[in-house]
Amino acid sequence: RGAILQACFEEVVWKLLEKLTSEGSEEGKEPGAEKLKVRSWILGCTLILRQLPDLGPTGYFPLIWVQFLTYSEKLLTTNPGPLVSEVVPQHLSNTLDVLELDGALGYSNPQLWVETWGRLDRFCPQIKAERMARDSAEGVQEAEGAQAESEGQAPSP
């Protein structure tokens with residue numbers, strides 16, 4: 001099943017994204033092209049997330065994910081418009097959250113985790129900064145909650 005899904009990505013999704021993100025592409029310059037680029041990119045992202053249960057066990061997920069990051073980088077570094085600049089990083093951050101929760105990224109595959117962040121640092125460094133700030137704020141809230149809980153349970157003098 002993983003090989004079939006990879007072939008689908010290669011024959012449909014990657015070809016579409018390649019056509020839309022190529023420097024000399026006429027399709028990428030037409031009116032409404034930015035919306036088409038975003039929709040096509042989101043299609044790839046959605047397919048990855050929907051097919052994750054079938055991709056993960058087969059070993060094809062890392063191949064597809066790395067290729068997806070390649071097109072994400074191309075989209076964000078090849079004359080991105082305001083829609084691409086706003087939507088892609090936000091959606092990519094949400095996708096990372098889902099992949100982490102699912103176990104597809106993180107401790108289960110440290111090499112892919114390192115490669116993912118190396119690439120993101122190159123073309124979308126704000127994701128790491130936003131996630132670190134969010135994680136730090138969550139840590140502070142948890143600590144404050146634990147402190148309040150312990151103070152409420154402490155015996156009165």
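Predicted model: local features only at pLDDT ≥ 70, side-chain atom pairs only at ≥ 80, totals over all residues.
View 1. Of the elements, H6 gives the most to the lining, with 5 residues, and the space that lies in the pocket comes to about 160 Å³.

**View 2. Packing of helix H3 against helix H4.** Helix H3 (residues 61-77) and helix H4 (residues 82-102) pack with their axes 11 Å apart and at an angle of about 160°; since angles over 145 degrees count as roughly antiparallel, H3 and H4 are therefore roughly antiparallel to each other. Their crossing is left-handed. On the H3 side the contact is made by Phe 61, Trp 65, Phe 68, Leu 75 and Leu 76, and on the H4 side by Val 84, Ser 85, Val 88, Pro 89, Leu 92, Thr 95, Leu 96 and Leu 99. By class, the residues of this contact divide into 11 nonpolar and 2 polar, with no charged residue.

**View 3. Packing of helix H2 against helix H3.** The axes of helix H2 (residues 33-55) and H3 lie 11 Å apart, and the two helices pack at an angle of about 165°, which makes H2 roughly antiparallel to H3. The crossing of H2 and H3 is left-handed. From H2, the residues Lys 37, Trp 41, Gly 44, Cys 45, Ile 48, Leu 52 and Leu 55 meet Phe 61, Ile 64, Trp 65, Phe 68, Ser 72 and Leu 75 in H3, and the residues of this contact divide into 10 nonpolar, 2 polar and 1 charged.

**View 4. Packing of helix H1 against helix H3.** Helix H1 (residues 2-21) and H3 have axes that come within 10 Å and cross at roughly 10°; because angles under 35 degrees count as roughly parallel, H1 is roughly parallel to H3. H1 contributes Gln 6, Phe 9, Trp 14, Leu 17, Glu 18 and Thr 21 to the contact, while H3 contributes Leu 63, Ile 64, Gln 67, Phe 68, Tyr 71, Lys 74 and Leu 75. The contact of H1 with H3 has 8 nonpolar, 3 polar and 2 charged residues.

Technical notes:
Residues numbered from 1 in each chain as written. Heavy atoms only, no water. Axes fitted to C-alpha atoms, helices over the stretch in contact; angles between N-to-C directions. Helix = DSSP H or I, 4+ residues; strand = E, 2+ residues; numbered from the N terminus. Parallel < 35°, antiparallel > 145°, perpendicular 65-115°, else oblique. Left-handed = near helix turned anticlockwise from the far one by under 90°. Contact = heavy atoms within 4.5 Å. Nonpolar A, V, L, I, M, F, W, Y, C, P; charged D, E, K, R; others polar. 1 Å grid on protein atoms, 1.4 Å probe; cavity = no way out; pocket = protein on both sides within 12 Å on 5 of 7 lines; lining within 4 Å. Points joined across faces, edges and corners; volume = space filled by probe spheres on them.
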